[in-house]
Amino acid sequence: MSFLDVRERMDLSKVRRDMATLGALDVQRALAKDTRDERAFAALLSPAAGALLEPMAEKAHRLTLQHFGRAIQLYTPIYLANYCSNACLYCGFNAENRIPRTKLTLEALEMEAQTIAASGLNHVLILTGESRTASPVEYIADCVALLRRYFSSISIEVYPLTEAEYSQLIAAGVDGLTIYQEVYQPEIYDELHPYGPKKDYRFRLEAPERAGRAGMRTINIGALLGLHDWREECYILGLHAAYLQNSFLSAEIGVSFPRIRPEVGGFTPRTVVTDAHLVQMMLAVRLFLPRVGIAISTRESSTLRNNLMKLGVTKMSGGSSTAVGGRCGVDERATPQFEISDERSVAEMAKAIYRAGYQPVFKDWI
């Protein structure tokens, strides 16, 4: 059994009907509970809950302090390569986009690592375009081995791997995985991925489970917001995270809420996801899953990220670049995967976290 079996058994038409008919009293009942089931989660995502964000925020804030204290982990992404074999319609690295393709040598990667390490960070997230030819697992492992000299925690956001390949990268020094399903609706997923290995919905959906069986310490999942109805996508995301928590008790499970940003292909979001919608999703997930990590990246503005800190966030990026070699300037032609919104440095992010009454964490384990 995998989460695919859970996903296929879901009666999403009933969930949609429930969300449309649940009222303020149902939301208040969900808030009054000590633990919340799937129906209560649906109530917290319903239109009726939009008018009760303040009491939801108060309870989510208390739960976050109870389980995570006043700590917010800081990390930054490192893009190793932008070669890609997929034609994802929403991505700047789409194989059909005419952008300069590049890949970091180990020498250039070391320059990136030195620049980031000088900021005090000890946690990095390495990314590649989805090309096994340009960025084979062996290349990723070599990059991880180099980065281990500078950082104590290394996560990956790369193409889905087999369980044996995840084990290989864990042995090289990887301790975390981030992978977004992008959209949980299979028909829309198929349409948005015309060709390439990523077209395999099941192989991507089950990647977190393969990583969990391999022994990955942290697993972070998400849906790309703007591709389908956000309430339905967040509902499935929450159940996916709950499934992973129950299946891999020793792993730390986290979620992200990435909204589509401008990219070179000019993709237009299919649905509108407002700031208020993003807040409601965060609060609903925190109330449904008190122990889940919540990451907010530099896709969001500095003002919004400052306001979100007290609503359940446990991890934030800083000093970000979505271009290959974006810090060392190895290739000035490098095209970002998407435009970031919050351009603050790591030091500026740390100050903002302190001002909010929280502790920026540069390293969360040994």
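Ring pairs join Phe41, Tyr235 and Phe288 into a cluster, where rings of Phe, Tyr and Trp (its six-membered ring) count as a pair if their centres lie within 6.5 Å, with planes under 30 degrees apart called stacked, over 60 edge-to-face and the rest tilted. This is a predicted model, in which local features need pLDDT of at least 70 and side-chain atom pairs count only at pLDDT 80 or more, while totals for chains, interfaces and linings use all residues. Residues are numbered from 1 along each chain as its sequence is written, and side-chain values use heavy atoms, with hydrogens and water left out.

**Aromatic pairs**

- The structure holds seven aromatic pairs, and one of them is the tilted pair of Phe3 and Tyr243, with 5.7 Å centre to centre and 55° between the planes.
- Phe3 belongs to helix H1 and Tyr243 to helix H12, so this pair ties together parts that are 240 residues apart in sequence; helices (H or I, at least four residues) and strands (E, at least two) are DSSP runs, numbered from the N terminus.
- Phe3 is buried, with a relative accessible area of 0%, and Tyr243 is buried as well, at 17%, where buried means under 20% relative accessible area, exposed over 50% and partly exposed in between (1.4 Å probe, protein chains only).
- Phe41 and Phe288 form a stacked pair, 4.3 Å centre to centre with 10° between the planes.
- That pair links distant parts of the chain, since Phe41 is in helix H4 and Phe288 in helix H13 (residues 275–288), 247 residues apart, and both Phe41 and Phe288 are buried.

**Charges over rings**

- Lys103 lies over the face of Tyr139, at 4.2 Å from the ring centre, a placement that requires NZ of Lys or CZ of Arg within 6 Å of the ring centre and within 35 degrees of the ring normal.
- Arg210 lies over the face of Phe203, at 3.8 Å from the ring centre, and Arg210 is also among the buried residues of helix H11.

**Helix H11**

- Helix H11 (residues 207–214) is mostly covered, with seven of its eight residues buried.
- The cover over these buried residues includes helices H1 (3–9), H8 (163–172), H10 (201–205) and H12 (230–247), together with strands S4 (176–182) and S5 (218–223), where contact means heavy atoms within 4.5 Å.
- After H11 comes Gly215, whose phi is positive, near 105°.

**Pocket and cavity**

- The second largest pocket has a volume of about 190 Å³, and the elements that give two or more residues to its lining are H1, helix H2 (12–21), helix H4 (38–45) and H12.
- Among the residues lining this pocket are Val6, Arg9, Glu38, Arg39, Tyr235 and Leu239, and its whole lining divides into six nonpolar, no polar and six charged residues.
- The structure holds one cavity of 30 Å³ or more, and the largest cavity has a volume of about 40 Å³.
- The lining of the largest cavity includes Tyr180, Arg204, Pro208 and His240, and its largest share, three residues, comes from S4.

How values were computed
1 Å grid on protein atoms, 1.4 Å probe; cavity = no way out; pocket = protein on both sides within 12 Å on 5 of 7 lines; lining within 4 Å. Points joined across faces, edges and corners; volume = space filled by probe spheres on them. Nonpolar A, V, L, I, M, F, W, Y, C, P; charged D, E, K, R; others polar.
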